[in-house]
Amino acid sequence: MIRIVRTAALAVAAAALATSAPADDKKGEVLKTVTEATYEFDKDKKKLTVHATGQVPTGGWKDAKLTPRATKEAPKDGIYEYDLTAVRPDGIVTQVISQVKASHAWENPPADIKGVKIYGTGAGAKTVKFGK
């Protein structure tokens, strides 16, 4: 009888922990290498979409994001900066160099914008200058 009660108590405790555990909200980390950066304007040049591809050391990376860097003033050279981040996998993953992709849409970009620079860590950045 004690064994049944103990088992039931453990089951209830496990169920309570499983339902009350907070969602795993991990922050991404800046990728080491940005392999590709592209852009496109809509036909009225009122929306700029920036696309980036980054290299990651294993499979399983997720939630890639392209985030504009906050600036107090517009950059003097007209090149606006972004960070490419993704969330590292947990557990066992495939050991193969992989890619992640992210995009950012910018409504009404500034008129002085001449390009974007997407940062990875170290020398892993790509700059794209816009054609006229």
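Colleague: Where does Ala123 lie in the chain?

Modeller: Ala123 sits in the loop that joins β7 (115-119) to β8 (126-129). Bear in mind that this is a predicted model.

Colleague: Why is Ala123 called exposed?

Modeller: Its relative accessible area is 82%. The word exposed is used for values over 50%, so Ala123 is exposed.

Colleague: How far from Thr33 is Ala123, in sequence and in space?

Modeller: Ala123 and Thr33 are 90 residues apart in sequence, and their C-alpha atoms are 7.6 Å apart in space.

Colleague: What share of the contacts in the chain, counting those with a separation of 6 or more, comes from residues 24 or more positions apart?

Modeller: Such pairs account for 70% of them.

Colleague: Which elements does the chain have, and in what pattern?

Modeller: There are 1 helix and 8 strands. Along the sequence the pattern reads α-β-β-β-β-β-β-β-β.

Colleague: What makes Asp63 worth a remark?

Modeller: Asp63 has a positive phi, about 55 degrees, although it is not a glycine. Asp63 is found in strand β4, residues 62-68.

Colleague: And what is the phi of Asn108?

Modeller: Asn108 is not a glycine, yet its phi is positive at about 50 degrees. Asn108 belongs to the loop between β6 (98-107) and β7.

Colleague: Why is Asn108 called exposed?

Modeller: Its relative accessibility is 56%. With the limit set at over 50%, Asn108 therefore counts as exposed.

Colleague: What fraction of the chain is buried?

Modeller: Of its 132 residues, 29% count as buried. The accessible surface of the chain is about 9,400 Å², and 55% of that belongs to carbon and sulfur atoms.

Colleague: How do you know which stretch has pLDDT under 50?

Modeller: The pLDDT stays under 50 over residues 4-23. For these residues the model has 0 contacts beyond four places in sequence. For the chain, the mean pLDDT is 84, and 80% of the residues reach 70 or more.

Notes: Residues numbered from 1 in each chain as written. Predicted model: local features only at pLDDT ≥ 70, side-chain atom pairs only at ≥ 80, totals over all residues. Heavy atoms only, no water. Helix = DSSP H or I, 4+ residues; strand = E, 2+ residues; numbered from the N terminus. Buried < 20%, exposed > 50% of the residue type's maximum accessible area, 1.4 Å probe, protein only. Contact = heavy atoms within 4.5 Å. Areas by Shrake-Rupley, 256 points an atom, 1.4 Å probe, with all protein chains shown as cover. pLDDT = per-residue confidence, 0-100.
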